[in-house]
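Subject: The structure we talked about

Hello,

Here is the structure I promised to pass on to you. Please open it and have a look around before you read my notes.

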Amino acid sequence: MRVLLLGANGFLGRHVAERLLADPAVQLTALGRGDDADVRFDLAAGSPGALTRFLDAVHPGVVINCAGATRGGARDLTRHNTVAMATVCESLRRSSCGARLVQLGCASEYGPSQPGSSTSEDAVPRPGGPYGVSKLAATELVLGSDLDAVVLRVFSPAGPGTPAGSPLGRLAEALRRAMQSGDSELKLSGLGVHRDFVDVRDVARAVHAASLSAAQGVVNIGTGRAVRLRDAAVVLAKAAGYGGTIHELDASAARGGLGGAAEHLGVPPAYPYPDGCGAWQQADVRTARDRLGWRPRIQLEESLADIWMEAACRI
């Protein structure tokens, strides 16, 4: 099976590439903006015609899009998430390859949900920030393209390679600094939010399964279990061997949102919840089980231990 992977150098893309390369039946080609991509191409700036010519030359059976931006202003997010997706869809429509498209969406497309609830694929999306809006627009382009396509709405990915700017990445960095300086108290904000953390290696397995399946539409990828960020911080501190106290700053004292106060973690004040998901998010993952035959395997404790191991290397 010939697979074209877009965004192979990103957090999700690296793990998807590793998973696909382990399958001897897959012939993988990576396309991206970096020098280490097999083919250099900027989806946000390149023309659909140029990409179409490449698709006709390579003739992949599956195109997987892990490319995109998670940070930046509305203009950059729109270019790299929405315009780039429009280029991919138009190129696939023009191409003779007939490839299946697997698009990686995100839980930010849903926006906030009611505490205690599980969000299913038929929920009405109400993204709470520009990132979620740009990703939802990309999903709508895929769903309206008439292509053989599936969108995997990934909830909160965790594990090896977790970006330093993510909630868990900021927690690990805060712990590293506290241990390095001998602080017995760690002050953080935003620890009351609940997120559905799914290991990035399980996400890669879901992408692989989606590539081989006939599933179309939207499929949630999560664990089906929301975890309070404070509880994740306690587990992370245990993995780090941190014996100090974790103290949560109240909302009036800090406005840094998920992961920590601006004065402690260098996070500029922004939206109350930078991912636009509000105080609670939990996935309904029955569709992934029924249509992909996929279930999460890796426990959050293992994901957090791997995050800490990488952070500890910087001590």
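Below are my notes on what was found in it.

First, some ground rules. This is a predicted model, in which local features need pLDDT of at least 70 and side-chain atom pairs count only at pLDDT 80 or more, while totals for chains, interfaces and linings use all residues. Residues are numbered from 1 along each chain as its sequence is written, and side-chain values use heavy atoms, with hydrogens and water left out.

How far can you trust it? The score to look at is pLDDT, the predictor's confidence in each residue, from 0 to 100. The protein has a mean pLDDT of 91, and 92% of its residues reach 70 or more. Please be careful with residues 252-272, where pLDDT stays under 50. Where pLDDT is low, the predicted coordinates should not be read in detail.

Now the sheet. Helices (H or I, at least four residues) and strands (E, at least two) are DSSP runs, numbered from the N terminus. Two strands pair if DSSP finds at least two bridges between them. Here seven strands make an open sheet with parallel pairing, in the order β3-β2-β1-β4-β5-β6-β11. At the edges are β3 and β11, each with a single partner strand, so one side of each has no neighbour in the sheet. Inside this order, β1 and β4 run parallel and are joined by four bridges. In that pairing, L6 stands opposite N65 in β4.

(Buried means under 20% relative accessible area, exposed over 50% and partly exposed in between, with a 1.4 Å probe and protein chains only.) The side chain of N65 makes a polar contact with the side chain of Q103, at 2.7 Å. A polar contact is a pair of N or O atoms within 3.5 Å; within protein, one must be able to donate a hydrogen and the other to accept it, and residues adjacent in sequence count only if both atoms are side-chain atoms. Not counting residues up to four places away in sequence, N65 also touches L6, among others, where contact means heavy atoms within 4.5 Å.

Another buried residue is N220, with a relative accessible area of 0%. N220 is in strand β11 (residues 217-221).

Next, helix α2 (residues 48-58), whose buried residues are G49, L51, T52, F54, L55 and V58. Their cover includes β1 (2-6), β2 (27-32), β3 (39-40), β4 (62-65) and α3 (74-94). After α2 comes H59, in the loop between α2 and β4. H59 has a phi near 55 degrees, a positive value in a residue other than glycine. Most residues other than glycine have a negative phi. D146 also has a positive phi, near 65 degrees, and sits in the loop between α4 (130-143) and β6 (149-154). With 36% relative accessibility H59 is partly exposed, whereas D146 is exposed at 77%.

There are also nonpolar cores to explore. A nonpolar core is a set of buried Ala, Val, Leu, Ile, Met, Phe, Trp, Tyr and Cys residues joined through side-chain atoms within 4.5 Å. The largest has 32 residues, of which I64, V102, L152 and I221 touch the most other members. Helix α6 (residues 200-212) gives the most to this core, with six residues. A second, separate core of 29 residues includes V63, A107, L147 and A283.

Finally, the cysteines. How many disulfides are there, taking a disulfide as a pair of cysteine sulfur atoms within 2.5 Å? The count is zero. C66 is in no disulfide, as the nearest cysteine sulfur, that of C106, is 13 Å away. The sulfur of C277 is 7.2 Å from the closest cysteine sulfur, in C106, which is too far for a bond. Both C66, at 14% relative accessible area, and C277, at 2%, are buried.

Enjoy exploring, and write back with any questions.

Best wishes

Methods: A disulfide is a pair of cysteine sulfur atoms within 2.5 Å.
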